[in-house]
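The sequence and structure come first, followed by notes grouped by topic.

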Amino acid sequence: MLKLRLSRGGTKKRPVYKVVVADSRFARDGRFIEKVGFFNPLLPKEKKERIGLEAERIKYWLGQGAQPTTRVARILGENELMPMPANGNNPQKAIPKKDRKKEGSDDAKKEEAAKADAAPTDGAKKEEAPKVDAKKEEAPKAEAKKEEAPKAEAKKEEAPKAEAKKEEAPKADAPKDEKK
């Protein structure tokens, strides 16, 4: 697939980019088909030397099916060579990475809860009513389990009686010891 993308040049901490048409399988700074412009992010936005584009060649490659990357699409949109792409929504960008996972899981839970609390349609309300009845039917089962618990306690009460019998047994052994 053909891509209109940026190829990095320049030195360390001083980037200069070429806008190139390249196969998406090739390396970022590697082989490309044609150079169609440049971009210097170090210059102020007001200077026209910041961006240079060959409009006719870019329109040709877009007509051939080349897809611009998000950054190139913004550059082309600013220069009115194609419609400006929609702004992305990344609310996580302002949160430090180490905190994103923790808050992200809480946010996901809140969103699910909000969807569940959202007003359902009339058909959905009718479907929910039997579910509530089913939960009520399950409640007596839980009460039955509570009734079983005292039986277990009764068994525990029987256990001390057995211990008492064991205590009596050594007393019977004690007189035998005395006979000797």
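This is a predicted model: local features need pLDDT of at least 70, side-chain atom pairs count only at pLDDT 80 or more; totals for chains, interfaces and linings use all residues.

R74 is partly exposed, with a relative accessibility of 39%.

- Within the fold, R74 belongs to helix α2, which covers residues 70-78.
- The relative accessibility of R74, 39%, lies above the 30% that a patch residue has to exceed.

## Aromatic pairs

- The count of aromatic pairs is two.
- Y17 and F39 make a stacked pair, with 6.2 Å from centre to centre and 25° between the planes.
- Y17 sits in strand β2 (residues 14-23) and F39 in strand β3 (residues 34-39), so this pair ties together parts that are 22 residues apart in sequence.
- F39 is buried, at 9% relative accessibility.
- Y60 and W61 make an edge-to-face pair, with 5.2 Å from centre to centre and 75° between the planes.

## Accessibility in the edge-to-face pair

- Y60 has a relative accessible area of 39% and is partly exposed.
- W61 has a relative accessible area of 11% and is buried, because the cut-off for buried is under 20%.

How values were computed: Residues are numbered from 1 along each chain as its sequence is written. Side-chain values use heavy atoms; hydrogens and water are left out. Rings of Phe, Tyr and Trp (its six-membered ring) pair if their centres lie within 6.5 Å; planes under 30 degrees apart count as stacked, over 60 as edge-to-face and the rest as tilted. Helices (H or I, at least four residues) and strands (E, at least two) are DSSP runs, numbered from the N terminus. Buried means under 20% relative accessible area, exposed over 50%, partly exposed in between (1.4 Å probe, protein chains only).
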